[in-house]
Every structure is written in structure tokens, then in C-alpha cells.
Amino acid sequence: ALQATRALMIVSIIVTVAGLGVACMGMKCTNCGGDDKTRKSRIAMTGGIIILIGSLCAIVACSWYAHDIIQAFYNPFTPVNTK
């Protein structure tokens with residue numbers, strides 16, 4: 001589970017950076033995407049959705065890892081010196 005949470009955090013970082021790039025392309029001060037305001041706003045909204053997906057991956061990874069730690073702490077078969 002530890003390796004999976006690490007991989008999920010790396011995926012979260014990559015997706016969030018990609019979302020930041022898309023969101024920057026949708027800003028009003030950039031020339032990417034032309035001068036159409038509705039197209040720019042859709043690009044910016046898509047970037048925001050991608051950022052939300054990346055942050056959801058990070059939240060899932062942190063919650064999963066915390067759950068594993070809590071389960072190990074309350075496990076009666078875990079030695080006391082490892083808690």
C-alpha cells in the first residue's frame with residue numbers, strides 16, 4: 001500500500017502541473033487559444049477541473065496512508081515498540 005500511495009502522489013503532482021499549464025493557457029493575458037472569450041473561459045475551466053482531479057488524487061493518497069497507520073496502531077498484534 002505504501003508504494004501505491006507514493007505512485008498516487010506522483011500521479012497527483014503530474015496531473016496538477018498539467019492542469020496548471022492548461023489553466024495558464026486559458027488566462028486572459030495569454031495569446032494561446034485566440035481572442036475568443038468563451039473559448040478561453042472553457043480552457044480555464046478545464047484547467048481547473050484537471051487541478052481538482054489532481055488534488056483529489058492527493059487527498060485519496062494521504063487518507064489511504066493515514067488509514068494504514070491508524071490500523072497498524074490499533075492492531076493488538078503489533079509490537080509495542082513499533083507503535
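Trainee: Why does Ser12 count as buried?

Mentor: The relative accessibility of Ser12 is 5%. Buried means under 20% relative accessible area, exposed means over 50%, and partly exposed lies in between, with a 1.4 Å probe and protein chains only. Ser12 therefore counts as buried. Please keep in mind that this is a predicted model, in which local features need pLDDT of at least 70 and side-chain atom pairs count only at pLDDT 80 or more, while totals for chains, interfaces and linings use all residues. Residues are numbered from 1 along each chain as its sequence is written, and side-chain values use heavy atoms, with hydrogens and water left out.

Trainee: Where does Ser12 lie, and which residues does Ser12 touch?

Mentor: Ser12 belongs to helix α1. Helices (H or I, at least four residues) and strands (E, at least two) are DSSP runs, numbered from the N terminus. Contact means heavy atoms within 4.5 Å. Not counting residues up to four places away in sequence, Ser12 touches Gly54, Cys57 and Ala58. Those residues, Gly54, Cys57 and Ala58, are among the buried residues of α2.

Trainee: What makes Thr5 a buried residue?

Mentor: Thr5, which is also found in helix α1, has 5% relative accessibility and so counts as buried. With neighbours within four places in sequence left aside, Thr5 is in contact with Ala61, Trp64 and Tyr65. The buried residues of α1 are Thr5, Ser12, Gly19 and Ala23, and their cover includes α2.

Trainee: How do you know that Gly47 is buried?

Mentor: Its relative accessibility is 0%, so Gly47 counts as buried. Gly47 is placed in helix α2. Apart from neighbours within four places in sequence, Gly47 is in contact with Gly19, Val22 and Ala23. The buried residues of α2 pack against α1 (2-25).

Trainee: What span does α2 reach, and what span is expected?

Mentor: Helix α2 covers residues 37-74, which is 38 residues. From its first C-alpha to its last, α2 reaches 55 Å, close to the expected 56 Å.

Trainee: How many aromatic pairs does a search of the whole structure find?

Mentor: The search finds one aromatic pair. The rings of Phe73 and Tyr74 have centres 5.1 Å apart and planes at 80°, so the pair is edge-to-face. By definition, rings of Phe, Tyr and Trp (its six-membered ring) pair if their centres lie within 6.5 Å; planes under 30 degrees apart count as stacked, over 60 as edge-to-face and the rest as tilted.

Trainee: Are Phe73 and Tyr74 buried, partly exposed or exposed?

Mentor: Phe73 has 42% relative accessibility and therefore counts as partly exposed. Tyr74 has a relative accessible area of 64%, so Tyr74 is exposed.

Trainee: What makes Asn75 partly exposed?

Mentor: Asn75 is in the segment after α2. Its relative accessible area is 30%, and Asn75 is therefore partly exposed.

Trainee: Why is Ile14 called exposed?

Mentor: Ile14, in helix α1, has a relative accessible area of 54% and is therefore exposed. Together with Ile10, Ile13 and Val17, Ile14 makes a nonpolar surface patch of about 390 Å². Patches are made of residues with over 30% relative accessible area and no salt bridge: like charges are joined within 9 Å, and nonpolar side chains (Val, Leu, Ile, Met, Phe, Trp, Tyr) within 5 Å. A salt bridge is a side-chain nitrogen of Lys or Arg within 4 Å of a carboxyl oxygen of Asp or Glu. Accessible areas come from the Shrake-Rupley method with a 1.4 Å probe; for residues, only the protein chains shown count as cover.

Methods
Expected span 1.5 Å × (residues − 1).
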